[in-house]
Amino acid sequence: MIRVESLNKVFGPQPDEALRLLAEGRSKDEIREATGDVIGVQDVSFELKPGEFFVIMGLSGSGKSTLLRCINRLIAPTSGRVLLQTDDGEVDVAQAGPRELRRLRQEHLAMVFQRFGLLPHRSVRDNVAYGLEVQRVGHAERVRRADETLEMVGLGGWGDMLPSALSGGMQQRVGLARALATGAKVLLMDEPFSALDPLIKMQMQEEMIRLQRQLGRTIIFITHDLDEALRLGDRIAIMDDGRFVQVGAPEKIVTEPRTPYVADFVAHADPTGVITAGTVAVPPEHQRVDELRREPGSRVLAHRTQADVEIEVADDGRVLGMRADGAGAELVPIDTLLAEEAPTSRYRDRAAVVHADRTLRTLLAARNVCNLPVLVVDDEERLIGLVTEREIIHAIIEKRGHNGDTNGVTA
Ligand SMILES: Nc1ncnc2c1ncn2[C@@H]1O[C@H](COP(=O)(O)OP(=O)(O)OP(=O)(O)O)[C@@H](O)[C@H]1O
Ligand SMILES: [Mg+2]
């Protein structure tokens, strides 16, 4: 979809010399002293799948905007390639001639800016239609698509207003609509929500998640806000001094920060929306065979620390039943439990079943409505492990899962 290869950007008089020194392993500061050059981006490579939501984070000056601007060539990269998949095959944005570059920006790369960047004397509708006008789409079709996109971002009926009549959050919706209306497959967003109030920002994030599911655009999104990154990103890249120091799924970034810089970044992250049930679940253990009252085709497993909890599992790994203190317990999918009107009415003899990709927050909710350990299952409903308060608290404090292997059940 989009692939960036060994991208470098040097600001200053001697970029080639700066790149040579960089290759020798000299630091950004040393290079600035020797050549007067500032390293904006150094040796960044990544590849995105269609529909991926890729978030870039880093301290001020770490090179986020420079990288984004090199991708659509608002800034010319010093070296490296930015490859886009188009109908005519793969195109390098860094090498494109003026006409091709214009076409790429119109049809493939749309940008959403922090300060909205709307044209003040054009109506909201004409702002949204602007990209289409540049693409020479006819008037009636422009209006139709602009209104349709405004509807999509919750601004149906606002098309005739001037941007100044809209609040900041609404103006950013217009900015978003303008980018979406072009049909561009890749959206580049540079801190699009950072100028908004916290509540509006949260609404925009939810909106973004919804639109992303609906439209499947590929998004490169820059933010300073870790919670925003964790909420939105399929993957997050952390930038330091122009480089990617770690790239990975939100859960990995939080639970396995690779450098002290990344660890500092995630130190205050709320792990409950990020760490998954599959990570914290502890596999149960086999009972001694002579104790089993087993049927052919299944086996009984015991809880590691709560000796009175037994689980009967079919040979294919699916859970057949659970016993606590010798009495049968009811197994209920978590969403069924949470949908109940009086959720605490039968706290005692039920256990929640939670899918492995649900988060700690869901596990907390599950423990709030049932006293028995939560059963964590995979896509095929096979048991991965169990979760009690112990695992939840450990994960919140340590920001990591248990240390065992999660496949212990079938081993
Ligand atoms: N036009 C320029 N000329 C010289 N140096 C520049 C230029 N633009 C950016 N830089 C330098 O490149 C580095 C990266 O800047 P950039 O604006 O990309 O950072 P950023 O991560 O987007 O920061 P912020 O979070 O504050 O927006 C900084 O050291 C900056 O001083
Ligand atoms: Mg910036």
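How many nonpolar, polar and charged residues does the shell around ligand 1 have? Here are some friendly notes, with that answer in point 2.

1. Ground rules. This is a predicted model, in which local features need pLDDT of at least 70 and side-chain atom pairs count only at pLDDT 80 or more, while totals for chains, interfaces and linings use all residues. Residues are numbered from 1 along each chain as its sequence is written, chains are lettered from A and ligands numbered from 1 in the order in which they are written, and side-chain values use heavy atoms, with hydrogens and water left out.

2. The ligand shell. By class, the shell around ligand 1 has three nonpolar, eight polar and three charged residues. Here Ala, Val, Leu, Ile, Met, Phe, Trp, Tyr, Cys and Pro count as nonpolar, Asp, Glu, Lys and Arg as charged, and the others, Gly among them, as polar. In total, 14 residues surround ligand 1, and the closest are S60, G61, K64, S65 and T66; a residue is near if one of its heavy atoms lies within 4 Å.

3. Where the shell comes from. At least two shell residues are supplied by each of β2 (38-48) and α3 (64-71). The largest share, three residues, comes from α3. Helices (H or I, at least four residues) and strands (E, at least two) are DSSP runs, numbered from the N terminus.

4. Oxygen atoms of the ligand. A backbone N or O atom of G61 lies 2.8 Å from an oxygen atom of ligand 1, and for a backbone N or O atom of S62 the distance is 3.2 Å. The side chain of K64 also takes part, with an N or O atom 2.8 Å from an oxygen atom of ligand 1. The protein covers 61% of the 640 Å² of accessible area (Shrake-Rupley method, 1.4 Å probe) that ligand 1 has on its own.

5. The four-stranded sheet. Four strands form an open antiparallel sheet in the order β2-β1-β4-β5; strands pair if DSSP finds at least two bridges between them. β2 and β5 (89-92) stand at the edges with a single partner strand each, so one side of each has no neighbour in the sheet. Strand β1 (residues 2-11) and β2 pair in the antiparallel sense over seven bridges, and R3 has E47 in β2 as its bridge partner.

6. The six-stranded sheet. Six strands form an open sheet of mixed pairing, ordered β6-β7-β8-β3-β9-β10. Its edge strands, β6 (109-112) and β10 (243-248), each pair on one side only. Strand β7 (residues 186-190) and strand β8 (residues 218-223) pair in the parallel sense over five bridges, and the bridge partner of V186 in β8 is T218.

7. Domains. The protein chain is divided into domain 1 (2-108 + 184-269) and domain 2 (277-398), with bounds from an automatic or database domain assignment. Their C-alpha centres lie 41 Å apart.

Terms used: A polar contact is a pair of N or O atoms within 3.5 Å; within protein, one must be able to donate a hydrogen and the other to accept it, and residues adjacent in sequence count only if both atoms are side-chain atoms.
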